[in-house]
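The following exercises are to be worked through with the sequence and the three-dimensional structure at hand. Each task is followed by a solution in steps.

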Amino acid sequence: MANTNAPGVIHADPNETGVYEIESLCMNCHDNGMTRILPIKIPFFKDILLESFSCDHCGWKNNTVKSAGQIQEKGSKYTFRLDNVKDLQRQVVRSDTGIFRIETIDLEMPAAPGQLTNLESMILKIKTDLEFDQPTRKEASPEVFTALESIIQKLDGMLQGDAFPVTVSLDDISGNSFIEPSPEDKESKYSRQDYLRTHEQNAQLGLAADTEDDEGGGMEGVTVVDDEVFELHSECPACSKPCTVNMKKTNIPHFKEVIIMATVCDHCGYRTSDVKTGGEIPEKGKRIVLQIKTIEDMSRDILKSESCVLRSLDLGLEVQPGTLGGRFTTVEGLLSQVREQLHGQIFNVGDEDLSGGDSMTSETKTRWDQFFDKLDRAIKAEFEYSITLEDPLANSFVQLNVDSGNDPQISTEEYERTQEEKDDLGLSDMKTEGYENDQGE
């Protein structure tokens, strides 16, 4: 990798193509080479730096990609299902902390310098790396050769379009990796989950010392009382400095008890809120459909749990579990949060609205503009539509607008959880009977 921190001549202004040039030390022959840096804006993402090093003395070359922004407040994990050959062209930004996995065959790509590429190239690189030493393995370790040959054939089938569907994921604790979305992504094809980093992950990023502070923060011996606010001392997930988590247990009429949690950091300004539901796991999931007819319906209270899918066929909208976390707000507030997150991911780069970066096609931009225009009108209740909350744990809720009986604008039904939902929730491996015997043994 080029050492761009080495002494050299830095041209303050880019050349006519917008490229900055820096003389830097070649890590191969230790003579001077040239690092060229191109700042670009990635559609749906943010600013990055494309870095290319070349040495005229030994011919060594290297290309990497780096984030031009800061480490994000949360880590992020993208999961994407490839259903056809066209999906192989989805753009990918992988930072040096991003972990790429082919979930279908449980194969993980080792950490490497950041790159800007597509899914086809990611899978091809894994296949090429595995093939590199196969002739040697065939002689030295036939068992390993045979096992890897099976994986290589599966990767080749993916590249040829003979192995769909294929599920991949990209997990980055810095929040600076990404897989390109599309307006056509429906039914769990594409999901993004933001998560709070652990202390160890913050230490890995250099945001915290690699030591644990065990003082404070516990709830041992504390009795949680309804509607009383409790303060917990914690560590800010964004800057790793001490912060306060406010927790309150409250009862939602005709539903159940929930815990509302809000984190505030006085050092970096980080704020977040979340809702946790409790109680036993019901035998079935619950599907709630709400018909929006007037602006008054936008003021209904709504609880979307972490496990809930929010979708609307009328709006062309689908929000997967984990994307927004748990939210207790109004219908207007929930749809506004969905709009803010989507628009920020797709259009806003930095402090300016850059219409999706440098390379978003006009056709794609038109589709997204139409989607956001319809969503804006829906938030104002300018037309009738419906939204669906589908929760395999039945922990979501919509306020009734009647004192007794059924609300004609709300329909509720129970449904059998799918095997995929059971696996995702850990219910397939959960043992609730006879575990005392196992423990004794």
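**Exercise 1.** In this predicted model, with which residues is R101 in contact, leaving aside its neighbours within four places in sequence?

*Solution.* First, locate the residue: R101 belongs to strand 7, which covers residues 98-102. Next, apply the cut-off for contact, heavy atoms within 4.5 Å. With neighbours within four places set aside, the contacts of R101 are D106, L107, E108, T167, V168 and S169. Finally, examine the polar contacts between side chains: R101 is joined to D106 at 2.3 Å, and R101 also makes such a contact with E108, at 3.2 Å.

**Exercise 2.** Determine which strands pair with strand 5 and in which sense, parallel or antiparallel.

*Solution.* Begin with strand 12 (residues 190-195): strand 5 (residues 75-82) pairs with strand 12 in the antiparallel sense, over six bridges. Within this pairing, K77 is found opposite Q193. Then consider strand 10 (residues 166-172), where the pairing with strand 5 is also antiparallel and has seven bridges. Here T79 faces S169. S169 is also one of the contacts of R101.

**Exercise 3.** Describe how buried and exposed residues are arranged in helix 6.

*Solution.* Helix 6 consists of 18 residues, 362-379, and spans 26 Å from its first C-alpha to its last. Its buried residues include T364, W368, F371, F372, L375, A378 and I379. These lie on the same side of helix 6, because they cover an arc of only 115° around the axis. On the other side, S362, E363 and Q370 are exposed. After helix 6 comes A381, with a positive phi near 55°.

Notes
Residues numbered from 1 in each chain as written. Predicted model: local features only at pLDDT ≥ 70, side-chain atom pairs only at ≥ 80, totals over all residues. Heavy atoms only, no water. Helix = DSSP H or I, 4+ residues; strand = E, 2+ residues; numbered from the N terminus. Expected span 1.5 Å × (residues − 1). Buried < 20%, exposed > 50% of the residue type's maximum accessible area, 1.4 Å probe, protein only. Arc of directions from axis to C-beta. Pairing = 2+ DSSP bridges. Polar contact = N/O pair within 3.5 Å; in protein donor to acceptor, adjacent residues only side chain to side chain.
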